[in-house]
Amino acid sequence: MTVATLFLLSNLCIGGSERKTVRIVNALHQRGRTTHLAWLNGPETLRHEILHGVPATGLERRGKFSWRALRLLEKYVRAHGIKHIVCMNLYPLLYAKGLRLIMGRAAPSCVVTINTTEFISRKEALQMSIYAPFVRRASDIVFGCNYQLELWVERYGLPRKKC
């Protein structure tokens, strides 16, 4: 039995994490893995790079947090038997963890990838007070390099065993 995994992005704009995610999903699909791709809102600049046959959907998020987008995500997860969600960066993590409120124990496990080393603005640094508890509750935390891992473990009290 194949386990279905959903990669969740904020959007499909041209960026490093977004390009990398599309390449990973395409490669896994070519190897016969059951992978899906979803994004919270536009732009959808990279949509044309998703291989034919890769299940992909936009969740049409509106505003800061969209309950409608969360419900669409839940519907998609249930319809496709998604067992794992890989959140590319921090914002999608709020939606993946929101599924726990709706689905309880039936919610998929959640992995978060972190591609940020330092926050530049004061606003970004303050947002970490919201994100940090969600990151700590992820099944696994993936960093781009060891420097990021060490910095985040120390600064935000992340559990090293999950990193």
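Two things count as touching here when their heavy atoms come within 4.5 Å. Keep that in mind as you click around this model, which is predicted.

**Stop 1: the sheet.** You'll find an open sheet of six, with parallel pairing, in the order S3-S2-S1-S4-S5-S6. Now select 56–58 (strand S3) and 140–143 (strand S6): these two stand at the edges with a single partner strand each, so one side of each has no neighbour in the sheet. From one strand to the next, the twist averages 20°. What holds strands together in general? Strands of a sheet pair through backbone hydrogen bonds.

**Stop 2: a pair of strands.** Select residues 4–9 and 82–88. That's S1 and S4, paired in the parallel sense over five bridges. Which residue in S4 is the bridge partner of Thr 5? Click on His 84 and you have found that partner.

**Stop 3: the largest nonpolar core.** Show side chains for Ile 85, Val 112 and Trp 152. Among the 39 residues of the largest nonpolar core, these three touch the most other members. Helix H3 gives the most, with seven residues.

Now centre on Ile 85. Leaving aside residues up to four places away in sequence, Ile 85 touches a list that includes Leu 6, Leu 8, Val 77, Ala 96, Leu 99 and Val 111. There's also a second, separate core of 13 residues; to find it, select Leu 9, Leu 12, Val 25 and Leu 46, which are among its members.

**Stop 4: the aromatic rings.** How many aromatic pairs does a search of the whole structure find? The count is five. Zoom in on Phe 65 and Tyr 95, a stacked pair with 4.4 Å centre to centre and 15° between the planes. Phe 65 sits in the loop between S3 and H2, while Tyr 95 belongs to helix H3, so this pair ties together parts that are 30 residues apart in sequence.

Methods: Residues numbered from 1 in each chain as written. Predicted model: local features only at pLDDT ≥ 70, side-chain atom pairs only at ≥ 80, totals over all residues. Heavy atoms only, no water. Pairing = 2+ DSSP bridges. Helix = DSSP H or I, 4+ residues; strand = E, 2+ residues; numbered from the N terminus. Axes fitted to C-alpha atoms, helices over the stretch in contact; angles between N-to-C directions. Core = buried A, V, L, I, M, F, W, Y, C linked by side-chain atoms within 4.5 Å. Buried < 20%, exposed > 50% of the residue type's maximum accessible area, 1.4 Å probe, protein only. Phe/Tyr/Trp six-rings, centres within 6.5 Å; stacked < 30°, edge-to-face > 60°.
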